[in-house]
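Dear colleague,

I am handing over the structure below, and after it I set out what was found. Please read the notes alongside the coordinates.

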Amino acid sequence: MLTIYSDMALEYFDQAISEYQSAKDGLSQINIKLAYLNKAHCLIEMNDLNDAENYLDLSKVNPAEINSSLGIPKIYSDILNQSADLGFAKILTLRNNFSGSNEILFSILKLKNQEGVSDIDADIYFQLSKNFLKLEDIEKNKYYSTLYLQKLDEKNKIQIKILNNLLLQDQKNADQKIQQQNSKIVKWSIALFILFGAVVGFLTLTFLKIKKTNDSIQNQLYGSES
């Protein structure tokens, strides 16, 4: 089952690469780098490490591609490069080079502390805890496992907050629609009430006119007889 999903993902990433490859604007350059990056991480999950390395290299942003007129803004290049380095660290872990993997991971954390742009802290902490477990350093394994769980909890709270805000906005929109609908109902009710009143009034006047006419006719008849 995993192979089927992986093959579908690879096909999707290949389509994205094909679509953006000829484009030269900054947004397309970011999208194609993301496609390379996601394909690389998918290949890592499939244990196709050599191809994964090639796509990680393609996903990295070199200085010439940063902040040019049609290039990639630095904040995005930093995120892309850090995510690519995380991929290289994962590959070293799979090749049992845990120390080399840790070296890359610590360099990402150092850059993150300097730039403050990394959004992959949880993945880094998880990989470090995994590496230290393999290195039989239980103390550091527990330390980075704790950091990983803390970061994961923070992300979950943020996601829950975002979800709650979206739900509140949906409820607000729904309330507005209900209010608008109720307003329409009230307006139609008033209109129907006025119309109904007019009809009743018209029928009442008509009935009174008919009754008056009948009374007049009867008076004329009975009056003529007497």
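Cys-42 lies in helix α2, which spans residues 26-45, and since this is a predicted model, everything said here about that residue and the others is computed from predicted coordinates. With a relative accessible area of 12%, Cys-42 counts as buried, because that value falls under the 20% cut-off. Leaving aside residues up to four places away in sequence, Cys-42 touches Ser-6, Ala-9, Leu-10 and Phe-13.

Asp-7 itself belongs to helix α1, made up of residues 2-20. Is Asp-7 buried, partly exposed or exposed? Its relative accessible area is 40%, and Asp-7 is therefore partly exposed, as that class covers the values between 20% and 50%.

Two packed helices are described by the angle between their axes and the distance between the axes. For helix α4 (residues 74-94) and helix α6 (residues 121-134), the axes come within 11 Å and cross at roughly 15°. This makes α4 roughly parallel to α6, because angles under 35 degrees are counted in that way. The crossing of α4 and α6 is left-handed. On the α4 side the contact is made by Leu-86, Lys-90 and Thr-93, which meet Asp-123, Ile-124, Gln-127 and Asn-131 in α6. By residue class, this contact of α4 with α6 comprises two nonpolar, three polar and two charged residues.

As for the protein chain as a whole, its secondary structure consists of seven helices and zero strands, so that the order of elements from the N terminus on reads α-α-α-α-α-α-α. The chain has 226 residues, of which 28% count as buried, and it exposes about 15,700 Å², with carbon and sulfur atoms supplying 58% of that area. Where contacts between residues at least 6 apart in sequence are considered, 56% of them join residues at least 24 apart.

With kind regards

Key:
Residues numbered from 1 in each chain as written. Predicted model: local features only at pLDDT ≥ 70, side-chain atom pairs only at ≥ 80, totals over all residues. Heavy atoms only, no water. Axes fitted to C-alpha atoms, helices over the stretch in contact; angles between N-to-C directions. Helix = DSSP H or I, 4+ residues; strand = E, 2+ residues; numbered from the N terminus. Parallel < 35°, antiparallel > 145°, perpendicular 65-115°, else oblique. Left-handed = near helix turned anticlockwise from the far one by under 90°. Contact = heavy atoms within 4.5 Å. Nonpolar A, V, L, I, M, F, W, Y, C, P; charged D, E, K, R; others polar. Buried < 20%, exposed > 50% of the residue type's maximum accessible area, 1.4 Å probe, protein only. Areas by Shrake-Rupley, 256 points an atom, 1.4 Å probe, with all protein chains shown as cover.
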